[in-house]
Amino acid sequence: MALIAPSILSADFTRLGREVSAVETAGADWIHIDVMDGRFVPNITYGPIIVAACKRVTSLPLDVHLMIEKPEAIIPDFAKAGADYISVHTETCPHLHRTLQQIQELEVKAGVALNPATPLSAIEYVADQLDFVLIMSVNPGFGGQKFIESSIDKIKALSDLLAQKQSSAIIQVDGGINADTIASVARAGADCFVAGSAIFNTPDYADTLAALRTDAERKGTP
């Protein structure tokens with residue numbers, strides 16, 4: 001079954017609690033929370049207080065994507081706030097194995113995010129430790145960007161790598177996921193699809209989520 005994770009980066013923050021509740025009612029599987037520090041990526045978003053606020057209004061897993069430098073310093077705060085999944089960027093983690101251990105010791109699922117130009121070799125030797133891998137199909141920092149087509153080959157290669165390593169890690173994809181791209185991303189091997197504007201900029205979240213899920217699960221034909 002395809003997992004759909006609406007990104008609150010595109011939600012209406014004047015009514016965030018209602019937005020999170022609305023996508024849960026509409027059939028979302030996870031809530032994706034993009035954390036940016038204005039240094040690793042050219043934007044600043046929010047911290048653990050928003051994770052805690054989301055935790056109060058939803059029973060869905062909270063998927064926290066840390067686009068920040070020195071994530072190990074603040075990972076405990078996000079775990080305490082209620083994160084169920086935390087992904088860190090390999091580009092910011094000189095001691096990636098240790099950081100993944102840190103996340104899992106806090107009883108949180110651990111993932112690694114890879115920028116579009118970052119090779120899969122960056123995670124080859126931690127593949128057996130991963131709960132999920134996040135392939136960025138846009139350059140991180142802003143919502144609403146166009147899908148980078150070369151991501152399809154990268155997802156396929158990741159699927160092969162995980163199979164070779166006998167890893168059960170989920171493949172998650174974030175960036176430009178919409179009705180035009182989700183089917184090809186699913187066919188490449190993705191399990192979890194992060195979508196922001198493709199959901200929150202539509203009038204009926206339930207219809208949108210149902211259509212995205214149908215497209216993602218229709219893997220048989222291009």
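**Chatting through the fold**

Me: Leaving aside neighbours within four places in sequence, what is Ile8 in contact with?
Reply: Quite a list: Phe13, Leu16, Val20, Ile31, His32, Ile33, Tyr46, Ile50, Cys54 and Phe200. Keep in mind that this is a predicted model.

Me: OK, and which residues have the most contacts inside the largest nonpolar core?
Reply: Ile8 is one of them, along with Ile33, Ile86 and Phe193. That core has 67 residues. Its largest share, five residues, comes from helix H5.

Me: What lies apart from that core?
Reply: Another core, of seven residues, and among them are Trp30, Tyr85, Phe132 and Val194. As a general point, nonpolar side chains tend to be buried together in soluble globular proteins.

Me: Back to H5. How many residues does it have, and how far does it reach?
Reply: H5 runs over residues 151-164, so count 14 residues. From its first C-alpha to its last it reaches 20 Å, close to the 20 Å expected at 1.5 Å a residue.

Me: Which residues in H5 are buried?
Reply: Ser151, Ile152, Lys154, Ile155, Leu158, Leu161 and Leu162. In an α-helix there are 3.6 residues a turn, so residues three or four places apart point the same way.

Me: What covers them?
Reply: The cover includes strands E5 (109-114), E6 (132-136) and E7 (170-174), plus helix H6 (182-188).

Me: What about the phi of Gln166, which follows H5: positive or negative?
Reply: Positive, near 55 degrees.

Me: Switching to strands. What order do they have in the open sheet?
Reply: The sheet has eight strands, ordered E1-E8-E7-E6-E5-E4-E3-E2, with parallel pairing. E1 (3-6) and E2 (31-36) are the edge strands, and each pairs on one side only. Neighbouring strands are turned by 25 degrees against each other on average, ignoring direction.

Me: How many bridges do E4 and E5 pair over?
Reply: Five, in the parallel sense, with E4 covering residues 85-89. Within this pair, Val88 has Val112 of E5 as its bridge partner.

Me: Where is Thr90?
Reply: Thr90 sits in the loop between E4 and helix H4 (96-105). Thr90 is buried, at 13% relative accessible area. Leaving aside neighbours within four places in sequence, Thr90 is in contact with Leu96, Val112, Ala113, Leu114, Thr118 and Ala122. Thr90 and Ala113 are 23 residues apart along the chain, yet their C-alpha atoms are separated by 6.4 Å.

How values were computed
Residues numbered from 1 in each chain as written. Predicted model: local features only at pLDDT ≥ 70, side-chain atom pairs only at ≥ 80, totals over all residues. Heavy atoms only, no water. Helix = DSSP H or I, 4+ residues; strand = E, 2+ residues; numbered from the N terminus. Expected span 1.5 Å × (residues − 1). Buried < 20%, exposed > 50% of the residue type's maximum accessible area, 1.4 Å probe, protein only. Contact = heavy atoms within 4.5 Å. Core = buried A, V, L, I, M, F, W, Y, C linked by side-chain atoms within 4.5 Å. Pairing = 2+ DSSP bridges. Axes fitted to C-alpha atoms, helices over the stretch in contact; angles between N-to-C directions.
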